[in-house]
Amino acid sequence: MINAHTALYGIIGNPVRHSLSPVIHNEAFRRMGLNAVYLAFEVSHLQEAMRGVRGLGVRGLSVTIPFKTQILPYLDTIEGAAGKIRAVNTLSVEGQRLVGYNTDCSGALEALEENMELVGRKVILLGAGGAARAIGFGLKEKRCEVVLFNRSRNRAEALAKELGCVHHSLSSFHKMDGDVLINATSVGMHPNEKESPVPKRILTKGMVVMDIVYRPVRTRLLQDAEEQGCVTIDGLEMLARQGAAQVLIWTGRRQEISRIREDLRRVLAAGRTEPGRKPFFVRDESGNKRAMKRC
Ligand code: NDP
């Protein structure tokens, strides 16, 4: 029940209507019996949105493209890994202070560590955008040998310099040799489901392959990796864990990853962005009832 005491959380980004974060958080609030709601805000002017955060008493925000770095000047404190990464995906309003965190980093690392001992491994990291950046800094903390591959050279060069690692073009497949391969590019994402960032032949038996793309969940890369006998980790693993870390920051309470994963799978399978809701009906010109998808 939403009432005059309901606490407001949300996500700011642009675009943001595809986001699964409202599913993660509203379901978590419901399970915990909290009087809180989480909404998606498609923001055009960050400065105005940030005035609203303070002015309206918003309790916390997820931050997504293109604001993860743009938000830094508005924060009073940056906690943990976010300081080194210089990117924030979580804002928590703590008293009068706006505190920034990065849960993409911990989300990805926890998903990997669930499957392997990460320290000291050689990791092929594909991508040099926001997500690759968060993951790259996390891998460095774990003393991994990171080899970065990206389409555009400038971005790769800049990130590789910060990470202190080597970089190559995304098409240098012959140099892709490692224990772990992480796709942090958007290649393979809907509507380009047939694409994979790498040819199947470079995926070798026993390699751990993580794709952070989650639409679709079983990407072409993961299908190829499975066929080659690799250990595979899909994008929902990172998504669920970064969301659980946000819930912990905002409420001090832990959520089971399996429950969050279930919520996400259910919503994705139904092609909706809301869990558990029945289709609604409209009448066509002949007066017949037709089910419509809620998206
Ligand atoms: P960015 O826009 O910051 O970076 C995009 C990256 O993908 C860049 O490295 C870019 O290369 C590369 N890229 C995009 N299109 C192509 C292409 N056609 N061919 C080769 N490379 C390409 O996005 P993010 O880093 O925030 O997100 C990347 C992906 O990760 C998205 O699919 C996003 O949905 C997913 N994601 C998943 C999360 C999860 O929890 N599972 C969390 C965050 C993101 P270039 O530098 O050359 O442009």
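Mentor: Keep in mind that this is a predicted model.

Trainee: Let's zoom in on Leu-125. What does Leu-125 touch?
Mentor: Leaving aside residues up to four places away in sequence, its contacts include Ala-132, Ile-135, Gly-136 and Leu-139. Val-146, Val-147, Leu-148 and Phe-149 are also among them, as are Ile-182 and Ala-184.

Trainee: OK, now the sheet. In what order do the strands form it?
Mentor: The order is E9-E8-E7-E10-E11-E12, so read it off like this because strands count as paired when at least two bridges are found between them. The 6 strands make an open sheet with parallel pairing.

Trainee: Which ones are the edge strands?
Mentor: E9 (166-169) and E12 (231-233), each of which pairs on one side only. On average, neighbouring strands in this sheet are turned by 20 degrees against each other, ignoring direction.

Trainee: Where does H5 pack?
Mentor: H5 (residues 130-141) packs on this sheet and touches E7 (122-126), E8 and E10 (180-183). The direction of H5 makes about 170 degrees with that of E7.

Trainee: How many bridges are there between E8 and E9?
Mentor: There are 4, and E8 (residues 145-150) pairs with E9 in the parallel sense. If you want a spot to look at, Leu-148 stands opposite His-167 in E9.

Trainee: Switching topic: how many aromatic pairs does a search of the whole structure find?
Mentor: The search finds 3. In one of them, the rings of Tyr-9 and Phe-29 have centres 5.1 Å apart and planes at 45 degrees, so this pair is tilted.

Trainee: Where do Tyr-9 and Phe-29 sit in the chain?
Mentor: Tyr-9 is in strand E1 (residues 7-13) and Phe-29 is in helix H1 (residues 21-32), 20 residues apart.

Trainee: Why does Tyr-9 count as buried?
Mentor: Because its relative accessibility is 6%, and the cut-off for buried is under 20%. Phe-29 is buried too, with a relative accessible area of 1%.

Trainee: What about the rings of Tyr-38 and Trp-250?
Mentor: Their centres are 6.2 Å apart and their planes are at 45 degrees, so that pair is tilted. Tyr-38 lies in strand E2 (residues 36-42) and Trp-250 in helix H8 (residues 235-251), so the pair ties together parts that are 212 residues apart in sequence. Tyr-38 counts as buried at 1% relative accessibility, and Trp-250 does at 10%.

Trainee: Which residues do ring pairs link into a cluster?
Mentor: Tyr-9, Phe-29, Tyr-38 and Trp-250.

Trainee: Back to E1, then. How many of its residues are buried?
Mentor: 6 of the 7 residues in E1 are buried, leaving the strand mostly covered.

Trainee: And what does E1 pair with?
Mentor: E1 and E2 run parallel and are joined by 7 bridges, with Ala-7 opposite Ala-36 in E2. E1 also pairs with strand E3 (residues 60-63) in the parallel sense, over 4 bridges. There, Ile-11 has Ser-62 in E3 as its bridge partner.

Trainee: Which unit do E1, H1 and E2 make?
Mentor: Together they make a right-handed β-α-β unit.

How values were computed: Residues are numbered from 1 along each chain as its sequence is written. This is a predicted model: local features need pLDDT of at least 70, side-chain atom pairs count only at pLDDT 80 or more; totals for chains, interfaces and linings use all residues. Side-chain values use heavy atoms; hydrogens and water are left out. Axes are lines fitted to C-alpha atoms, for helices over the stretch in contact, and angles run from 0 to 180 degrees between N-to-C directions. Contact means heavy atoms within 4.5 Å. Rings of Phe, Tyr and Trp (its six-membered ring) pair if their centres lie within 6.5 Å; planes under 30 degrees apart count as stacked, over 60 as edge-to-face and the rest as tilted. Buried means under 20% relative accessible area, exposed over 50%, partly exposed in between (1.4 Å probe, protein chains only). A crossover is right-handed if, with the strands pointing away from the viewer, the path from the first strand over the helix to the second runs clockwise.
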